[in-house]
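Me: I am new to this structure and would like a friendly tour. Could you show it to me, and then take my questions one at a time?

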Amino acid sequence: MLRRILTGLTLALVLLAAALAINTLRQGSRQLGVAPAAPLDIDANAAAARLAGAIRFRTVSHEAGGKTEGEEFLKLHAYLAEKFPRVHAALKRETVNEYSLLYTWPGSDPAVKPIMLMAHQDVVPIAPGTEKDWLVEPFAGLVKDGFVWGRGSWDDKGNVLAIMEAVEFLVSNGFQPRQTVYLAFGHDEEIGGDKGAAAIAALLKSRGAKLEFAIDEGLLVTEGILKGIAHPVALIGIAEKGSATIELGATGPSGHSSMPARHGSIGALARALTRVEDHPMPGAIKGVAREMFAVIAPEMNLLNRVMLSNLWLTGPLVQAQLEKGPSTNAMLRTTTALTVVQGGNKENVLPGRATALVNFRLLPGDSAASVLEHVKSVAGGENITATLRGTPREASPVSQTDSSAYRLINATIRANFPGAVVAPGLMVGGTDSRHMAGIADNIYHFMPTRARAEDLPRFHGTNERIAVTNYAEAIRFYAGLLRLANASR
């Protein structure tokens, strides 16, 4: 009897191993076979100097009061006109809401839907107290040690200038797009884009414009960040998470701290916040995350390839590992972040009410309403209230990966970043492109910027910079995208 059981177990293990192997081998590479792009005759150092010059304009967006540094934006506009004369001769430039820019490059074939390249002119402020930590003054706009340094070199003047460089190069070489090309450069992306990109979208909608696609800032060419894969990984964002903030409130007896009740408002709020934090929205390897791993799996080392190719069996284990990292956990669920707590204003007075703000980043498929119901179900009781604060931003629609537009971006990346593995991904932050949802068939997020793990803190942080060689790659990417768009139509 024991021998028969062991034989049966052995046979089951062999069959399981065979099933895992067969399923793994069936998942072949999905990478496009594209020849490396021919080098463009770009003066990388001169281009880097022009980007450095643009960084010197302090086009900062201020959250408090939505203040706009108007003169700085106008100086930047004049600078762009001076440095890119052929762009301004061949394209129509319009100023929208004083400081946003819309360029129109008419196509030769009005039957082909237009496309849009997006970036934003504004930058975030320098965090007070960190000025001394910068190796180069953040608005000096210097090229040093092979990098362009300064606020905006990465986010997002680097893209504004790279697009302008690419179009200037193409116009200089007699290029004429078949489809109309819009360049949209908002001025308030860092505080929501309501006066910039939203106004551009409304203007185009009023003219009946319908875009094949828009491409905006977003995911990167990462190097050494995704474990188990030797190649750079270039992710194309196909959706953007939403955002909703819920205010939790707790009430309790007020009075003097010398005679406290057993349970006060702050304690009740603390317990409610603990319940909310300990019971996040459910996570799963589904949607964009599942599609991303399906594309990446065949390019990974053997162990990771087996694990990701057999999620029908390994799913719970893989998910448990992904949930340990903040960035990978964010791909799997609507995240919960306790951000503001307020209660009391004097050390010897019991507050009658305490409040807290909890920010949720909404996964496509979840909604602000469903999150609010979830919070009420886990935080209820003890005189707790839960209400939506402000206007939530729902998650974006998921753009197609079987479209000609996605293949165009994919092929352009493969041609200009040879060896890079290209896959769809999820944007966990917000961008201006969400305002184009009403006029664009698809919206994609990709920045032709290389990044290692040590570079990520530079985003909105200290010592922001981009390598001169990488900046030249970005210019070639945008020029290649427009050229390939003509060839593929």
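This is a predicted model: local features need pLDDT of at least 70, side-chain atom pairs count only at pLDDT 80 or more; totals for chains, interfaces and linings use all residues.

Me: Where is Asn-463 placed?
Reply: Phi of Asn-463 is near 60°, a positive value in a residue other than glycine. Most residues other than glycine have a negative phi. As for its place, Asn-463 is in the loop between strand 16 and strand 17.

Me: Is Asn-463 buried or exposed?
Reply: The cut-off for buried is under 20% relative accessible area. Asn-463 has a relative accessible area of 11%, so the residue counts as buried.

Me: What phi does His-460 have?
Reply: His-460 also has its place in the loop between strand 16 and strand 17. At 37% relative accessibility, His-460 is partly exposed. Although His-460 is not a glycine, its phi is positive, at about 65°.

Me: Which residues is Phe-459 in contact with, leaving aside its neighbours within four places in sequence?
Reply: Phe-459 sits in the loop between strand 16 (440-451) and strand 17 (465-467), and with a relative accessible area of 37% this residue is partly exposed. Its C-alpha atom is separated by 28 Å from that of Arg-407, 52 residues apart along the chain. Once neighbours within four places are left aside, the contacts of Phe-459 are Trp-154 and Asp-155.

Me: Which peptide bond is cis, with omega near 5°?
Reply: Most peptide bonds are trans. Asp-156, in the loop between strand 5 (147-149) and helix 5, is one of the two residues of this cis bond. The bond with omega near 5° runs from Asp-155 to Asp-156.

Me: How many helices and strands are there in the protein?
Reply: Let us start with the overall size: the C-alpha trace spans about 75 × 75 × 50 Å along its principal axes. Of the 489 residues, 51% count as buried. The tally of elements is 14 helices and 17 strands.

Me: What is the radius of gyration of the protein?
Reply: For 489 residues the globule rule gives 23 Å. The value for this protein is close to that, so the protein is as compact as a globular protein of that length. Its radius of gyration is 26 Å.

Me: Within what arc do the buried residues of helix 7 fall?
Reply: Helix 7 (residues 265-278) has 14 residues and reaches 20 Å from its first C-alpha to its last. Its buried residues are Ser-265, Ala-268, Leu-269, Ala-272, Leu-273 and Val-276. Seen down the axis of helix 7, they line one face, because they fall within an arc of 135°.

Me: What covers the buried residues of helix 7?
Reply: Both strands and helices take part in this cover. Among the strands are strand 9 (242-251), strand 11 (335-343), strand 13 (353-362) and strand 14 (384-393). The cover also includes helix 12 (368-379).

Me: How many residues apart in sequence are the parts that Arg-50 and Glu-165 tie together?
Reply: Arg-50 and Glu-165 form a salt bridge, with the closest N and O atoms 2.6 Å apart. Arg-50 lies in helix 2 (residues 44-55) and Glu-165 in helix 5 (residues 157-172), so the pair ties together parts of the chain that are 115 residues apart.

Me: In which element does Asp-441 lie?
Reply: The side chains of Asp-441 and Lys-113 meet in a salt bridge of 2.5 Å, N to O. Lys-113 lies in the loop between strand 2 and strand 3, and the pair ties together parts that are 328 residues apart in sequence. The element that holds Asp-441 is strand 16.

Me: Is Asn-486 buried or exposed?
Reply: Asn-486 is found in helix 14 (residues 468-487). Not counting residues up to four places away in sequence, Asn-486 touches Phe-175, Gln-176, Pro-177, Arg-178 and Gln-179. Its relative accessibility is 16%, so Asn-486 counts as buried.

Terms used: Residues are numbered from 1 along each chain as its sequence is written. Side-chain values use heavy atoms; hydrogens and water are left out. Helices (H or I, at least four residues) and strands (E, at least two) are DSSP runs, numbered from the N terminus. Buried means under 20% relative accessible area, exposed over 50%, partly exposed in between (1.4 Å probe, protein chains only). Contact means heavy atoms within 4.5 Å. The expected span of a helix is 1.5 Å times one less than its number of residues. The arc is that of the directions from the helix axis to the C-beta atoms. The radius of gyration is taken over C-alpha atoms; the globule rule is 2.2 Å times the number of residues to the power 0.38. A salt bridge is a side-chain nitrogen of Lys or Arg within 4 Å of a carboxyl oxygen of Asp or Glu.
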